[in-house]
Amino acid sequence: MTNDPLVKVGDTVSLNVGDYGYGLGRLVLRVARVDDGAQHPGIEWIQLIGVEVVAGEDQRFRAIVVRADALRRPGAVTRPPRRRRP
């Protein structure tokens, strides 16, 4: 079992309407802040703050609550490529 959190700052999450509270449609969010609750395996909801991404373009900041199970779904969380040091 890995100790990595479900989601980290810099990740992009792709969520369906039922994956986040008061969802009004599909949402792609680049994560800027993660509530500390993301470190606890039994938590059902995780609060995220980030920038909504539409058609590859940054839009507005959003604060959302996400079902932890949704973040475990394959493809829901995309990690940015790791930078290599010169």
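**Starting from D11**

Leaving aside residues up to four places away in sequence, D11 touches L29, R30, V31, V77, T78, R79 and P80, where a contact means heavy atoms within 4.5 Å. Before going on, please note that this is a predicted model, in which local features need pLDDT of at least 70 and side-chain atom pairs count only at pLDDT 80 or more, while totals for chains, interfaces and linings use all residues. Residues are numbered from 1 along each chain as its sequence is written, and side-chain values use heavy atoms, with hydrogens and water left out.

D11 sits in the segment before β1. With 1% relative accessibility, D11 counts as buried (under 20% relative accessible area, with a 1.4 Å probe and protein chains only). Its side chain reaches the backbone nitrogen of K8 at 2.8 Å, and a contact of 2.7 Å joins the side chains of D11 and R79; the latter is a polar contact (a pair of N or O atoms within 3.5 Å; within protein, one must be able to donate a hydrogen and the other to accept it, and residues adjacent in sequence count only if both atoms are side-chain atoms).

Now for the sheet. Strands here are DSSP runs (E, at least two residues), numbered from the N terminus, and two of them pair if DSSP finds at least two bridges between them. Five strands form an open, antiparallel sheet in the order β4-β3-β2-β1-β5. Its edge strands, β4 (57-67) and β5 (77-78), each pair on one side only.

Strand β1 (residues 12-15) pairs with β5 over two bridges, and V13 has V77 as its bridge partner.

Methods
Helix = DSSP H or I, 4+ residues; strand = E, 2+ residues; numbered from the N terminus. Buried < 20%, exposed > 50% of the residue type's maximum accessible area, 1.4 Å probe, protein only.
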